[in-house]
Amino acid sequence: HGRRTVFDDTVRKARQLKASEFSVNFCPVKLGILEKVKQKLLPNDVAPLILELLSLNVYESDGHFRPHKDTPRSDDMVGTLIICL
């Protein structure tokens, strides 16, 4: 499991803020996003699906995010939720 983020501009070109460096008034749980994700990805799993805010990536006009496989941060990590605004 990786604890260190490797920055590779060929995969992602963005500025990254750690969760302790910003605040947000957006809650995927209250908006029902988490439940919809759970229904699609883990429909028969009775265990709760938990979100953990780790970072915010800010993309400038020349920024990009290419599809890739994230390094799991823990044994129970099932994926990364990406929300584009």
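Residues are numbered from 1 along each chain as its sequence is written. In this predicted model local features need pLDDT of at least 70 and side-chain atom pairs count only at pLDDT 80 or more, while totals for chains, interfaces and linings use all residues; side-chain values use heavy atoms, with hydrogens and water left out.

**Whole chain**

Start with the cartoon of the protein chain, which has one helix and four strands. These are DSSP runs numbered from the N terminus, helices being H or I of at least four residues and strands E of at least two. The order along the sequence is β-β-α-β-β. Display the C-alpha trace: its span along the principal axes is about 40 × 30 × 25 Å.

Colour by relative accessible area next. Of the 85 residues, 8% count as buried; buried means under 20% relative accessible area, exposed over 50% and partly exposed in between, with a 1.4 Å probe and protein chains only.

**Salt bridges**

Select K13 and D62, whose side chains form a salt bridge at 2.6 Å, N to O. The term requires a side-chain nitrogen of Lys or Arg within 4 Å of a carboxyl oxygen of Asp or Glu. K13 is in strand β1 (residues 12-13) and D62 in the loop between β3 (55-58) and β4, so the pair ties together parts 49 residues apart in sequence. K13 is partly exposed at 31% relative accessible area, and D62 is partly exposed at 45%.

Now select E60 and R15, a salt bridge with its closest N and O atoms 2.7 Å apart. E60 sits in the loop between β3 and β4 and R15 in strand β2, 45 residues apart. E60 is partly exposed at 43% relative accessible area, whereas R15 counts as exposed at 56%.

F26 is partly exposed, at 32% relative accessibility.

End at I83, in the segment after β4 (64-65) and partly exposed at 36%. Neighbours within four places in sequence aside, I83 is in contact (heavy atoms within 4.5 Å) with F26 and P28.
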